[in-house]
Amino acid sequence: MSRSKCNTMSRFFPLMLFFVALLLFFAFVAEKAESASDFPKIMARWSKEQSFRDAGAIGPLEMKVTFYSAEYVQALIESEAEKNLWTNDEKEQYTYALLKQLNLEETIPVHVDFNNYGPSMYLAPFGDQIVLWAGNKKYQPVDYDKRFNFRLQGQRDGMIFFPRYDEKGKPVLEGVKTVKLSFNGGIHPYVQVAYIDFLWDVHNDNPQRLFAGRTAARFELDRLIKRIEKLNAEKREHESKLSELNAELDTIKHRVEELQRQ
């Protein structure tokens with residue numbers, strides 16, 4: 001190869017590197033933009049809305065229900081990280097706090113938002129007004145925002161938690177394709193149906209994928225600390241029992257010695 005050709009290539013090589021780097025940068029930006037645009041779509045897929053209105057009424061009853069699937073929670077985490085420009089550490093901190101608040105390992109969280117512009121709603125006891133159908137089995141909430149037990153006028157939202165495992169320890173969503181959240185139709189005079197139903201396709205939902213890396217380690221640490229506390233409590237209980245047994249044995253031995261000396 002001639003010296004002139006080598007000189008030409010040496011001049012163009014940095015320029016080629018620049019264009020390659022530029023293309024990679026734009027590809028990265030496009031991928032991030034596409035990913036960011038997916039968050040609202042994913043989150044909207046897990047939020048269902050229904051509205052009820054009576055003829056001549058001042059305003060409607062609006063209900064929005066969100067099922068906290070693994071996909072929804074992951075999209076929420078990514079959305080918050082993107083919006084707040086979090087570092088990996090800040091994102092890990094938020095993930096841990098969110099999963100702990102939702103208690104995804106033991107419960108199925110659902111968020112309910114009421115906007116009632118009609119007659120007041122009286123939902124107490126709220127736990128009797130709602131049920132989660134997983135396949136052909138129904139489950140009552142194990143916990144919910146207790147504000148739902150008070151007269152509801154205007155806007156109010158809160159969390160409802162259903163059991164993730166049945167009484168035998170089997171996951172209630174195992175083998176289930178669709179879940180249905182049903183409200184008693186009697187919660188409001190505008191509702192003309194027996195039940196207000198919200199349905200989601202959950203056959204690919206896998207919350208365990210959220211528990212990975214440092215987040216998984218922190219949750220394992222939490223479990224181990226709780227286990228240590230439980231074992232220490234059992235140990236104290238057994239030590240107390242052992243102390244009582246030793247005291248009784250000493251009393252019996254002492255009496256046996258007294259009788260033997262007579």
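Me: Over how many bridges do strand β2 and β3 pair?
Reply: Start with β2, which covers residues 61–67. This is a predicted model, and in it β2 and β3 run in the antiparallel sense. Their pairing spans seven bridges.

Me: Which residue in β3 does V65 stand opposite?
Reply: We're still with the antiparallel pair β2 and β3, and residues 61–67 make up β2. Look across from V65 to β3 and you'll find V112.

Me: Which strands stand at the edges of the sheet, and why is one side of each left without a neighbour?
Reply: The sheet is open, with five strands in the order β1-β2-β3-β7-β6 and antiparallel pairing. Two of its strands have just a single partner each, so one side of each has no neighbour in the sheet. Those edge strands are β1 (47–52) and β6 (143–144).

Me: How many contacts beyond near neighbours in sequence does the stretch 24–34 have?
Reply: Across the protein, pLDDT averages 87, and 86% of the residues score at least 70. Residues 18–22 stay under 50, with zero contacts beyond four places in sequence. Over residues 24–34 the pLDDT is below 50 too, and beyond near neighbours in sequence the model gives that stretch one contact.

Note on methods: Residues are numbered from 1 along each chain as its sequence is written. This is a predicted model: local features need pLDDT of at least 70, side-chain atom pairs count only at pLDDT 80 or more; totals for chains, interfaces and linings use all residues. Side-chain values use heavy atoms; hydrogens and water are left out. Two strands pair if DSSP finds at least two bridges between them. Helices (H or I, at least four residues) and strands (E, at least two) are DSSP runs, numbered from the N terminus. pLDDT is the predictor's confidence in each residue, from 0 to 100. Contact means heavy atoms within 4.5 Å.
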